[in-house]
Amino acid sequence: MNNFEVMLREHNLKATKQRIGILSIMHMRGHINIEELYERVKKSYPSISLATLYKNIRLMLENKLLTEVSVNNSKTLYEITKEDHAHMHCEKCNEVMDIDFCFEDMYKNLGNEDGFLLKNTQVTLMGICKNCQ
Ligand SMILES: [Zn+2]
Ligand SMILES: [Zn+2]
């Protein structure tokens, strides 16, 4: 089991119950948009407002505990920051899955002769998942 409390503190954030709740939902779902997250968080914390949820998400994004994931034709998704990886997006059910991929290695192998400083990498593979085929 992940210790979200430690995770929050390691990112210089106060480990509030709401934040721990948000992280455990994200851990369960993998990638989640704000509306779905709000619906689920409300079940445990009925008094939470969408504005408060946004504020917490923004803070955790700034501290790099969360990562924003953008996929085609879909709302912005959020996930707990992990090792470098790419995403596979099913165009039928909209599910987003992780696939191991190290962009830094790939980029180094390309030579990096133009002096470009790599800061963020997002690659999405489009397709149809096993269940939808
Ligand atoms: Zn699918
Ligand atoms: Zn991911």
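User: To begin, what makes cysteine 93 partly exposed?

Analyst: This is a predicted model. The relative accessible area of cysteine 93 is 38%; buried means under 20% and exposed over 50%, so cysteine 93 counts as partly exposed. Cysteine 93 is placed in the loop between E4 and E5, and beyond its neighbours within four places in sequence it is in contact with Cys129 and Cys132.

User: Why is cysteine 90 called buried?

Analyst: Its relative accessibility is 1%, and the limit for buried is under 20%, so the term applies to cysteine 90. Cysteine 90 is in strand E4. Not counting residues up to four places away, cysteine 90 touches Glu95, Met97, Gly127, Ile128, Cys129 and Cys132.

User: Which atoms are the protein donors of the zinc ion (ligand 1), and how do you know that they qualify?

Analyst: The SG atoms of Cys90, Cys93, Cys129 and Cys132 lie 2.3 Å from the zinc ion. Along the chain, the donors follow the spacing C-x2-C-x35-C-x2-C. Cysteine 93 is in the loop between strands E4 and E5, and cysteine 132 in the segment after strand E6, so this pair ties together parts 39 residues apart in sequence.

User: Why is the site of the zinc ion (ligand 1) called tetrahedral?

Analyst: The angles among its four donor atoms are 102 to 116°. Four donors count as tetrahedral if all angles lie between 85 and 135 degrees, so the site meets the criterion.

User: At which residues does UniProt place the feature "binding site", and how do you know that they gather at one spot?

Analyst: The unreviewed UniProt entry places that feature at Cys90, Cys93, Cys129 and Cys132. These residues span 43 residues in sequence, yet no two of their C-alpha atoms are more than 8.2 Å apart, so they gather at one spot.

User: What makes the contact between lysine 82 and glutamate 79 a salt bridge?

Analyst: Their closest N and O atoms are 3.3 Å apart; the cut-off is 4 Å, so the pair qualifies. Lysine 82 is partly exposed at 41% relative accessibility, whereas glutamate 79 is buried at 2%.

User: How many salt bridges does a search of the whole structure find, and which residues are linked in a network?

Analyst: The search finds seven salt bridges. Arg29, Glu36, Arg40 and Glu95 are linked in a network of such bridges. Another salt bridge pairs arginine 9 with glutamate 5 at 3.0 Å, N to O; both lie in helix H1, four residues apart, about one turn of the helix.

Notes:
Residues are numbered from 1 along each chain as its sequence is written. Chains are lettered from A and ligands numbered from 1 in the order in which they are written. This is a predicted model: local features need pLDDT of at least 70, side-chain atom pairs count only at pLDDT 80 or more; totals for chains, interfaces and linings use all residues. Side-chain values use heavy atoms; hydrogens and water are left out. Donors are N, O and S atoms within 2.8 Å of the metal (3.2 Å for Na, K and Ca); water is not among the atoms, so sites may look incomplete. Four donors count as tetrahedral if all angles lie between 85 and 135 degrees; four count as square planar and six as octahedral if opposite donors are over 155 degrees apart and all others between 65 and 115; anything else is irregular. Helices (H or I, at least four residues) and strands (E, at least two) are DSSP runs, numbered from the N terminus. Buried means under 20% relative accessible area, exposed over 50%, partly exposed in between (1.4 Å probe, protein chains only). UniProt positions are given in the numbering used here, feature names are shortened, and annotations may be inferred rather than shown by experiment. Contact means heavy atoms within 4.5 Å. A salt bridge is a side-chain nitrogen of Lys or Arg within 4 Å of a carboxyl oxygen of Asp or Glu.
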